Each structure stands twice: as C-alpha cells, then as structure tokens.
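Thanks for coming, everyone. I'd like to walk you through one structure today, and I'll keep it short.

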Amino acid sequence: MNKKYFTPKKIHAYLRAAIQLVFFLFLPSAFTTAFSGIKSVLTQIGAGNPIAWSSFLTVLLALCAYTIVFGRFFCGYACAFGTLGDAVHSLYLFLCKKCKKKPLLLKKSWKKPLSYVKYAVLLAVVLLCFLGVYGDLTGWSPWDVFSMLRSGNFKVGAYWLGCILLVLILVGMVFCERFFCRFLCPMGAVFSLLPILPFFSVRRKREKCAKGCTACEKVCPSDLSLPEDGSWNVSGDCFQCQKCLEICPKKNAKSSIRNFRGNEIWFTVLRAVVLAAVLILAGI
C-alpha cells in the first residue's frame, strides 16, 4: 500500500468526493426544491394569499435549520451545482498540471466585489416573485437547465438563454473554485444571511500559528481566515469543506467541540448522514 495516497489530507479529499457523488446521484434535487420553496412563499405573499404549506417549504425550512446548526455543509458536500463546480475546477487544475501549465485563475481583488452579486440575484428573484412575474420568465434559468440535463432531459431548445448562462457559469467555474456558490447562488445568499451557531466550526489559536502563515486562507474556497478559538464569529461564506484542517503545518486548526478534535473525518460522515436523513424526511 502506497502511504502517500492515504495521508489524512488525501483521505479527507476522497471522503468529500464520495459524499458529493452520493448526494449528486441520489439526492440531486435538494437545491431546486428549496429554491422553489422561496419562490412559492414570495409569490403567495405578493398575490396577497395566505402561505400554503408544501413539500418545497418543508425542504427549505429543514435546510435552513440544518445550516443554522451545522453551517453550510449542504453547500460544501451535497449541492449538485456545487459538486459540478468542484469537478469542473478540479479537472482544469489537473489538466494544467499534466500539461505543466500555470492555471489562469480569477484575481483575488475581484472576488470581494463579486461576492455581493449573489445578493443582487436574490433581490431580483424576490422582486420578480413578489410581483408575480417570475413564472412568466421561462427559459432563462441556468439551474433549471442543469436540472433537466441532470435528469436526462436534453430537450432544452426553449431554454436557449438558460443554456447560454449555464455555459458562462461553467466557464467561471473553470477559473474560480466555487464560482457559482460564491458569486451567483441565491440560495447561497440566503444561507450566508442565517445566524450560524459556532459549535461545529473550525477554529484556531492564533498565537500558536507559524509566524506569517496564511496557509488556511490560501486553501479556503472563500479566502477566509479561521476565527479564533472561543469566538462566536462564523462566516456565512464558509462551505465547511475543512480543507484548512489538513493544510495547517502545526495542526492548529481544530473543531470547536473538544471531543471532535482529531476525529473531524468521522464527524463529517455523521453530518452527511444527518443531512441525508433530514432531506429524506423532508420529502426529497
């Protein structure tokens, strides 16, 4: 057995890929179902009708509750669109490595301004639904096109605008990790606004870090710095990917729960099982 393929970093990467694949194959509709919950609620409010309970709303509330407790684990491990983005970006980096070419990546200075675009997308969806015209705008949604293609429906001729937007998003995914999640996803905007509890997030003791080390920030898909141990600060842009755990040269990045420290891989499995149970019970 070649030990270089079974380092803790590699094991975590294999585990994450396996979890993403399972959710992509068996629970791919969670994103669109939750998003439909938002659209239905806003449309009913705009029409002056009482909010009717539906399976869409159940999934939306279940995912929001899960995110408040566990952070954006759904985005990092279970969202089909996020998994697509990871696959596209990883393939690009792999090809660059094989061809011995330096990858072209989105400039870091552009990322902060672009991160606000997802809130504009969410606001546009809110206004369109509230005014009752969202349903009339057929054929433009890239996530509808993706859902159709994912289910084997290739009759997307009427969705030509959505196809163009999907291609543009795929191009963005090539040059920036988590491009759609960070900059365009309306559900990501909702999740980032939720008050996330700090109990299961990764922390560090800054005084124990190597001087000048920014390894955790460089490997983070959202360019975040780890919060201090004991802090209640949790960024809504953290995808809970836990890449920071294994990159830390001093193993200073740890789970906030002392009993989970050193066992984060098993805790990842537990969160995936809980999420799958939540989605299935919610009606996915």
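**Cysteines, salt bridges and surface patches**

Let's begin with a cysteine: at 14% relative accessibility, cysteine 244 counts as buried. One thing to keep in mind throughout is that this is a predicted model.

So what about disulfides? The count comes to zero. Cysteine 244 is in no disulfide, and the nearest cysteine sulfur, on cysteine 241, sits 6.4 Å away.

Now, on to charges. Side chains of opposite charge can pair when their charged atoms come close. How many salt bridges does the structure hold? Eight. Let me show you a few of them.

Take aspartate 86, which is buried at 8% relative accessibility. Aspartate 86 forms a salt bridge with arginine 16, where the closest N and O atoms are 3.3 Å apart. Here aspartate 86 is in helix H5 and arginine 16 is in helix H1, so to speak two distant parts of the chain, 70 residues apart. Arginine 16 is buried as well, at 9%.

Aspartate 86 also meets arginine 178 in a salt bridge, at 2.8 Å from N to O. Arginine 178 sits in the loop between helix H9 and helix H10, 92 residues from aspartate 86. With a relative accessible area of 2%, arginine 178 is buried. Put together, Arg16, Asp86 and Arg178 are linked in a network of salt bridges.

Another bridge joins lysine 111 to aspartate 223, with the closest N and O atoms 3.7 Å apart. Lysine 111 is in helix H6 and aspartate 223 is in the loop between helix H12 and helix H13, so this pair ties together parts 112 residues apart in sequence. And lysine 111 counts as buried, at 14% relative accessibility.

Which residues form the positive patch? They are Lys9, Lys10, Lys97 and Lys98. Helices H1 and H5 each supply at least two residues of that patch. Lysine 10 lies in helix H1, and is partly exposed, at 36%.

There's a nonpolar patch as well, of about 650 Å², whose residues include Ile45, Leu123 and Phe130. Its largest share, three residues, comes from helix H7. Phenylalanine 130 is in helix H7 and is partly exposed, with a relative accessible area of 42%.

Terms used: Residues numbered from 1 in each chain as written. Predicted model: local features only at pLDDT ≥ 70, side-chain atom pairs only at ≥ 80, totals over all residues. Heavy atoms only, no water. Patch = residues over 30% accessible without salt bridge, like charges linked within 9 Å, V, L, I, M, F, W, Y side chains within 5 Å. Areas by Shrake-Rupley, 256 points an atom, 1.4 Å probe, with all protein chains shown as cover. Salt bridge = Lys/Arg side-chain N within 4 Å of Asp/Glu carboxyl O. Helix = DSSP H or I, 4+ residues; strand = E, 2+ residues; numbered from the N terminus. Buried < 20%, exposed > 50% of the residue type's maximum accessible area, 1.4 Å probe, protein only. Disulfide = S-S within 2.5 Å. Lys, Arg positive; Asp, Glu negative; His and termini not counted. Charge placed at Lys NZ, Arg CZ, Asp CG, Glu CD.
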